[in-house]
Amino acid sequence: FIYVSGRIEEFSVRYHLIVHGKTVGEAADTSGEILHAASPVSSVVSLVRKSPQPHFPVCFGDRTLGIVSRETLDSAMADGGGGEPISEVMCRTCVTAEAHGPLSELLKRMATESVPVAVVYLDAVPSGIISLESLLGELG
């Protein structure tokens, strides 16, 4: 019991150190690609396989339409496809946030809407993502 209680306290402290007072932009991963909705799956597979990022925003211009994972793209290719546009295989459930907003508020929205990845906008242009997986990894 004491060990579990200590781990919960440690987790809480780490969470506050990572999240408290930070903006969405400070926690965002901006190293990945932003994919165009009309691009054929086959045209982006090699690009996303090179990226350490497992999820990618799918946009039409500056408008986010959804998120697609590397795993989903690989599965589409394995099923003999690849000619269909990314918009046909992406997940349409998506949360977006402005980079200047508070990280804590975005995390609450993501939890409420059961969305593991959010698209980050900087000055109304998609610029990266935040995933719960990466934030939890920081908590150890």
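Helices (H or I, at least four residues) and strands (E, at least two) are taken here as DSSP runs, numbered from the N terminus. On that basis the chain has six helices and six strands, and from the N terminus on these elements run in the order α-α-β-α-β-β-α-β-α-β-β-α. The structure is a predicted model, in which local features need pLDDT of at least 70 and side-chain atom pairs count only at pLDDT 80 or more, while totals for chains, interfaces and linings use all residues. Residues are numbered from 1 along each chain as its sequence is written, and side-chain values use heavy atoms, with hydrogens and water left out.

**The chain as a whole**

- Of the 140 residues of the chain, 36% count as buried, where buried means under 20% relative accessible area, exposed means over 50%, and partly exposed covers what lies in between (1.4 Å probe, protein chains only).
- The accessible surface of the chain comes to about 8000 Å², and 57% of that surface belongs to carbon and sulfur atoms; accessible areas come from the Shrake-Rupley method with a 1.4 Å probe, and for residues only the protein chains shown count as cover.
- Among the contacts in the chain with a separation of 6 or more, 57% are accounted for by residues 24 or more positions apart, contact being defined as heavy atoms within 4.5 Å.

**Packing of helices H3 and H4**

- Two packed helices are described by the angle between their axes and the distance between the axes.
- Helix H3 (residues 41-50) packs with helix H4 (residues 70-78) at an angle of about 135 degrees, and their axes are 10 Å apart; axes are lines fitted to C-alpha atoms, for helices over the stretch in contact, and angles run from 0 to 180 degrees between N-to-C directions.
- That angle makes H3 oblique to H4, given that angles under 35 degrees count as roughly parallel, over 145 as roughly antiparallel, 65 to 115 as roughly perpendicular and the rest as oblique.
- The crossing in which H3 passes H4 is left-handed, a term used if the near helix is turned anticlockwise from the far one by less than a right angle, with right-handed used if clockwise.
- On the H3 side the contact is made by Val41, Ser42, Val44, Val45, Val48 and Arg49, and on the H4 side by Arg70, Leu73, Asp74, Ala76 and Met77.
- The residues of this contact of H3 with H4 divide into seven nonpolar, one polar and three charged; Ala, Val, Leu, Ile, Met, Phe, Trp, Tyr, Cys and Pro count as nonpolar, Asp, Glu, Lys and Arg as charged, and the others, Gly among them, as polar.
- Val45, which lies in helix H3, is buried with a relative accessible area of 5%, and, not counting residues up to four places away in sequence, Val45 touches Leu73, Asp74 and Met77.
- Val45 and Glu71 are 26 residues apart in sequence and 10.0 Å apart in space, C-alpha to C-alpha.

**Buried residues in strands**

- Val120 lies in strand S5 and counts as buried at 1% relative accessibility.
- Not counting residues up to four places away in sequence, Val120 touches a set of residues including Val24, Ala28, Ala97, Ala99, Val125 and Ile130.
- Val120 and Asp29 are 91 residues apart in sequence, and 8.7 Å apart in space, C-alpha to C-alpha.
- Ser69 has its place in strand S3 (residues 63-69), counts as buried at 15% relative accessibility, and touches Pro54 and His55 when residues up to four places away in sequence are not counted.

**Residues in loops**

- Gly21, found in the loop between helix H1 (2-19) and helix H2 (24-27), is exposed with a relative accessible area of 71%, and its C-alpha atom is separated by 7.6 Å from that of Leu103, 82 residues apart along the chain.
- Pro40, in the loop between strand S1 (35-36) and H3, counts as partly exposed at 33% relative accessibility.
- Leaving aside neighbours within four places in sequence, Pro40 is in contact with Gly82, Gly83, Glu84, Pro85 and Ile86.
- Ser114, in the loop between helix H5 (103-112) and strand S5 (117-122), is exposed with a relative accessible area of 64%, and its phi is near 55 degrees, a positive value in a residue other than glycine.
- Ala124, in the loop between S5 and strand S6 (125-131), has a phi near 70 degrees, again a positive value in a residue other than glycine, and is partly exposed with a relative accessible area of 47%.
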